[in-house]
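Dear colleague,

Please find the structure that I am handing over below. My notes on it follow directly after.

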Number of protein chains: 2
Amino acid sequence: MTDSITISVDAMGGDNAPRAVIHGAHLALKERKNTRFIFHGIKSQIDPLLEEFPDLKPASEVRHCETVIAMDEKPSQALRKGKGVSSMWMAIQSVKDGEADVAISGGNTGALMAMATFCLRPMEGISRPGIAAIWPTLRSDIIVLDMGATIGADARQLVDYAILGSALARSLFDTDNPTVGLLNVGTEEVKGLESIKEAGKILSEASGAGFTYHGFVEGDDIGKGTVDVVVTEGFVGNIALKTAEGTARQVASYLRSALMANWVSRLGALLASSALNALRRKMDPRTVNGGVFMGLNGIVIKSHGGSDEIGYKSALGLAYEMARSRLMDKIGDTMQRFPIHKPAQEQPTQSEV
Amino acid sequence: MTDSITISVDAMGGDNAPRAVIHGAHLALKERKNTRFIFHGIKSQIDPLLEEFPDLKPASEVRHCETVIAMDEKPSQALRKGKGVSSMWMAIQSVKDGEADVAISGGNTGALMAMATFCLRPMEGISRPGIAAIWPTLRSDIIVLDMGATIGADARQLVDYAILGSALARSLFDTDNPTVGLLNVGTEEVKGLESIKEAGKILSEASGAGFTYHGFVEGDDIGKGTVDVVVTEGFVGNIALKTAEGTARQVASYLRSALMANWVSRLGALLASSALNALRRKMDPRTVNGGVFMGLNGIVIKSHGGSDEIGYKSALGLAYEMARSRLMDKIGDTMQRFPIHKPAQEQPTQSEV
């Protein structure tokens, strides 16, 4: 019925690769039958796993490569060693070559970002790539970016993140006009960094071009789901994400010890176990696994390095949905509609920023 | 037996002032009998409240002032209007004059910081004040600073925060040698901002001088309680704090809806209600109310503006403990022991940084 979606997979990336990767692909295929996989990695390790999952085999192609990037390798070192030969690079190369719609890796984030940027190159008009997270909130899932692709961002880069994030929101969520907020330390116009204030002015003027600019938001607005897209600089985004993860684990741990405190509370917990399990599923970080590298000429998804098969299934599902909803076209469309990008494109060739 | 501790209180600061302030003082006095209060504010509003709490009256003195700083006033405006006449200023002035050991206000943070800095002045050797939060973690309470007193911090300012934070940890917690971590986006030495790397070098060399330097920590280390003191720049600290608050509320809300899902889970929740109430108390933000302004010649505590009497009771208890444990002496002592502050004190007069 529909065309198939091809996902290019670094089968060797992550702590539990390649088993968790292949097992995750098996689970992802069950949910989305028209997925095709290109697995890049050590064939002698991948083939036996495909025998274990016979349904997956006809939907898969294996491309052998010997070189595997270690989780602790420095980006520059990984790039020198892995360019053109590693499973990570080859997974990205398949997107560049048009064989795959999207690439995914659970490997080392810095190395993946370096390779993706080097291989795919930033989109014309976008100065630097960003990593977007899908963040569950009280209202619905939202997009938060940048999660640490780069440290520091000027006004123009924050505006780029707003363009990329709103295209992702239009792609994944049921909205044509997502709301965008700039993360700041106060909602009054006067507060915050110069770069954020300047970005606020630009976004105010452009509001309506594929998104609605909401204004400044604060840290607690993320969990509330005040806006569809929260834009921030990478250092702050990374700290916010990890602080939230830490807090969620902390509260879950408090809850466990509270419920185990005495036999009456244990009995209560037993009776409420289906509700508590639903809560556990809702808070399971594996269900929202995957950082999306945006702003490059192609989509690359970073799965969490410690993911098991459930984590990979989620990340592969996310990859599928982004390809299916034509994310790249949506980004191009938002950029076309965004006034700032017209004067900036005076030079027809891509400029280095 | 012990000397009394005198707290100077801006009775008019905060949304529920003066009632919540006076009621909170009444509750705080019950827990710490040798507390004395100087209430600054509109006498005709404070006196009737003291009649309601007859135990509080003999421990209190009321100083009338007409001028009240509004919650939305800009710091510069508040300073012009309120210097020398407002309840906020006079509460701080009592510390400067040596009448009170510590000052507290639930008023507008920016105005309070401006007045505190103007009235008390930064300590010699400390370039800028910071706001410290007491943060509950899986291990125990820890100190996180700066929570947004200023935006941006160079290496030296981060080092100052480490000195101030470790003095506060020695003052409030049962430790002579608190561990200090620098908040960063990765634990590898190579990552992060220059200012953080540079501060890391200075702290490594000084480790042992009243604290132990742990190294870089990430956002999720806050909730784990990896170190006693987490040092960060104010913008990031503020976003981290509010993101954590938002996440805690989000999880609590998920839990409520999960437990209300069906009658079996409701029955379970009823049986486990004492455990769930204990959890609620543990997560109650009112029990850790109070940002501590540090680095000035005197201690000022900011209570949350929306606090009720329970919030004020906690903040007043915190104020008491800091005065009792001689926080100011502990800061002076850490500075004496810290090598960087010796060469920096070539000029005997306080330099502007």
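Across the interface of domain 1 of chain A and domain 2 of chain A, two residue pairs are in polar contact, both at pLDDT 80 or more; a polar contact is a pair of N or O atoms within 3.5 Å, where within protein one must be able to donate a hydrogen and the other to accept it, and residues adjacent in sequence count only if both atoms are side-chain atoms. On the side of domain 1 of chain A that touches domain 2 of chain A, helix 5 (109-120) and helix 12 (309-324) of chain A each supply at least two residues. Helix 12 of chain A gives the most to that side, with three residues. Helices (H or I, at least four residues) and strands (E, at least two) are DSSP runs, numbered from the N terminus. By class, this side of domain 1 of chain A has four nonpolar, four polar and one charged residues. Here Ala, Val, Leu, Ile, Met, Phe, Trp, Tyr, Cys and Pro count as nonpolar, Asp, Glu, Lys and Arg as charged, and the others, Gly among them, as polar.

This is a predicted model, in which local features need pLDDT of at least 70, side-chain atom pairs count only at pLDDT 80 or more, and totals for chains, interfaces and linings use all residues. Residues are numbered from 1 along each chain as its sequence is written, chains are lettered from A and ligands numbered from 1 in the order in which they are written, and side-chain values use heavy atoms, with hydrogens and water left out.

The two domains of chain A are domain 1 (5-126 + 295-325) and domain 2 (130-285), with bounds that come from an automatic or database domain assignment. Their contact takes nine residues from domain 1 of chain A and 10 residues from domain 2 of chain A, contact meaning heavy atoms within 4.5 Å. Taken over C-alpha atoms, the centres of the two domains are 26 Å apart. About 760 Å² is buried between them, and carbon and sulfur atoms give 72% of that area; buried area is the accessible area (1.4 Å probe) that two parts lose on being put together, summed over both. The count of salt bridges between these two domains is zero, a salt bridge being a side-chain nitrogen of Lys or Arg within 4 Å of a carboxyl oxygen of Asp or Glu.

I turn next to the interface between the chains. Chain B and chain A bury about 4300 Å² between them, 77% of it from carbon and sulfur atoms. The contact takes 52 residues from each of chain B and chain A. Four salt bridges are counted between the two chains, and Asp220(A) and Arg249(B) meet in a salt bridge at 3.4 Å, N to O. The interface also holds 10 residue pairs in polar contact, both residues at pLDDT 80 or more. Among the elements that each supply at least two residues of the side of chain B that touches chain A are strand 5 (130-136) and helix 10 (263-271) of chain B. Helix 9 of chain B gives the most to this side, with 19 residues. The residues on this side of chain B divide into 30 nonpolar, 15 polar and seven charged.

Over all chains, the whole structure has 36 salt bridges. In chain A, Glu194(A) and Lys197(A) form a salt bridge with the closest N and O atoms 3.2 Å apart. Both lie in helix 7 (residues 194-206) of chain A, three residues apart, about one turn of the helix. Glu194(A) is exposed at 57% relative accessible area, while Lys197(A) is partly exposed at 22%; buried means under 20%, exposed over 50%, and partly exposed in between (1.4 Å probe, protein chains only). Glu31(A), Arg32(A), Lys313(A), Glu321(A) and Arg324(A) are linked in a network of salt bridges.

In chain B, Arg170(B) and Asp333(B) form a salt bridge with the closest N and O atoms 2.8 Å apart. Arg170(B) lies in helix 6 of chain B and Asp333(B) in helix 13 (residues 327-337) of chain B, so the pair ties together parts that are 163 residues apart in sequence. Arg170(B) is buried at 11% relative accessibility, whereas Asp333(B) is partly exposed at 29%.

Ser166(B) is found in helix 6 (residues 155-172) of chain B and is buried, with a relative accessible area of 0%. A polar atom of its side chain lies 3.2 Å from the backbone oxygen of Ile163(B).

With kind regards
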